[in-house]
Amino acid sequence: MKVAILPGALRRDSLNRKLAVLAARELAALGVEVDALDLRDFPMPLYDGDLEAEQGLPETTQRLRARIAAADALFVASPEYNSGVPGTLKNAIDWASRPPRPQPFAGMVVALASASPGPYGGARGLAALRPVFRILDAHVISPELSVAAANKAFDDAGAFVDERHDKQLRALCSELVRVARALRRD
Ligand SMILES: Cc1cc2nc3c(=O)[nH]c(=O)nc-3n(C[C@H](O)[C@H](O)[C@H](O)COP(=O)(O)O)c2cc1C
């Protein structure tokens, strides 16, 4: 069982990267292999149908697709930008969803999490991300985690300050692994 973890933010001190690191730890503790992805390793041009027609998928998209396709499940930790999905993440998903088949998100079990200094914790971004994965035939599990006031939620070592968040993240990761095992694609 392998779970790919994808932070939706690029910046080094990203709160969502911190969340992704903690999710990786929880998932490893559950006995699954973790593949920590970083969108910085897969820089892509803005999606352009002409570019696609002339050159096919960028090499970075092909590599990202392969890493996602090799996983049984996907954990996304993403901020919301202007109540929606950050363009960087959406652009990567859009490129990765293009032919040739198989489309890498089809049948993938997905957990969504977010962190934001704001009062909603990025929950509106997750609400926008859910239908994106749904149309791509992924199974997005019902529970999700949004960490509000996230600028105060992590200590200097990157751990949660409030153990309530540990419990919520553990429950989310457990459910992801449970559903992924039940729906295993191979
Ligand atoms: C373009 C942009 C739009 C943003 N819009 C929202 C928003 O709608 N809601 C929110 O809670 N935070 C919003 N923020 C603040 C982000 O939640 C905050 O910068 C957060 O730390 C980004 O995630 P990161 O720490 O993982 O990089 C926005 C930030 C940017 C750069």
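How far apart are the mean positions of the positive and negative charges of the protein chain? In this predicted model, the 24 positive and 23 negative charges have mean positions 3 Å apart. The accessible surface of the protein chain amounts to about 9100 Å², of which 51% is supplied by carbon and sulfur atoms.

Six helices and six strands make up the secondary structure of the protein chain. Their order from the N terminus is β-α-β-α-α-β-α-β-α-β-β-α. The radius of gyration is 16 Å, close to the 16 Å given by the globule rule for 186 residues, so the protein chain is as compact as a globular protein of that length. Along the principal axes, the C-alpha atoms occupy a box of roughly 50 × 35 × 25 Å. Among contacts with a separation of 6 or more, 79% are between residues 24 or more positions apart.

Buried residues account for 50% of the 186 in the protein chain. In soluble globular proteins, nonpolar side chains tend to be buried together. The largest nonpolar core here holds 32 residues, and those touching the most other members are L19, L27, F75, V147, F154, L169 and L176. Two or more residues of this core come from each of β1 (2-7), α1 (15-29), β3 (73-77), β4 (109-115), β6 (145-147) and α6 (163-182). Another core, of 29 residues, lies apart from it and includes L6, I68, F105 and M108.

Within the largest core, F154 is one of the residues that touch the most other members. With residues up to four places away in sequence not counted, F154 is in contact with L15, K18, L19, L22, A159, F160 and V161.

Definitions and conventions. Residues numbered from 1 in each chain as written. Predicted model: local features only at pLDDT ≥ 70, side-chain atom pairs only at ≥ 80, totals over all residues. Heavy atoms only, no water. Helix = DSSP H or I, 4+ residues; strand = E, 2+ residues; numbered from the N terminus. Rg over C-alpha atoms; globule rule 2.2 N^0.38 Å. Buried < 20%, exposed > 50% of the residue type's maximum accessible area, 1.4 Å probe, protein only. Contact = heavy atoms within 4.5 Å. Areas by Shrake-Rupley, 256 points an atom, 1.4 Å probe, with all protein chains shown as cover. Lys, Arg positive; Asp, Glu negative; His and termini not counted. Charge placed at Lys NZ, Arg CZ, Asp CG, Glu CD. Core = buried A, V, L, I, M, F, W, Y, C linked by side-chain atoms within 4.5 Å.
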